[in-house]
Amino acid sequence: MVLSRGWSLFLVGVGVWTWVIWPRFAAAIWNDSRSWSSGTIGVGAPTSFLWVHALLIAASLTIGTAVGVLGIRGWLAARRRPNA
């Protein structure tokens, strides 16, 4: 499969967007009282609320990274092709 430069740039943008949005969401989840069994931020055992969101964040960052890498590889391949 050959990606155009436009689609490659789009995929890179999605990867960057993922890394801009999800860490901020992770901080919000960490600072949510529902994430901790005591109801106090950072005190007590993590709840399933925290674990589920941590898994979601990790999966999203992994997928976003993969998409961004594909975009970079597509962009570099498009540069090597004549008339791309």
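User: Hi! In which helix do Trp22 and Phe25 lie, and how many residues apart are they?
Analyst: Both lie in helix H1, 3 residues apart, which is about one turn of the helix. Helices here are DSSP runs (H or I, at least four residues), numbered from the N terminus. This is a predicted model, where local features need pLDDT of at least 70, side-chain atom pairs count only at pLDDT 80 or more, and totals for chains, interfaces and linings use all residues. Residues are numbered from 1 along each chain as its sequence is written, and side-chain values use heavy atoms, leaving out hydrogens and water.

User: Thanks! How many aromatic pairs does the structure hold?
Analyst: There are 3 aromatic pairs. Rings of Phe, Tyr and Trp (its six-membered ring) pair if their centres lie within 6.5 Å; planes under 30 degrees apart are stacked, over 60 edge-to-face, and the rest tilted.

User: Why is the pair of Trp7 and Phe10 edge-to-face?
Analyst: The planes of Trp7 and Phe10 are at 90°, with the ring centres 5.6 Å apart, so the pair is edge-to-face.

User: Is Trp7 buried or exposed?
Analyst: Trp7 counts as exposed because its relative accessibility is 55%. Buried means under 20% relative accessible area, exposed over 50%, and partly exposed in between (1.4 Å probe, protein chains only). Phe10, at 47%, counts as partly exposed.

User: New topic: which residues of H1 are buried?
Analyst: Ser8, Leu11, Gly15, Thr18 and Ile29 are buried. The buried residues of H1 pack against helix H2 (48–80), with contact meaning heavy atoms within 4.5 Å.

Note on methods: Helices (H or I, at least four residues) and strands (E, at least two) are DSSP runs, numbered from the N terminus.
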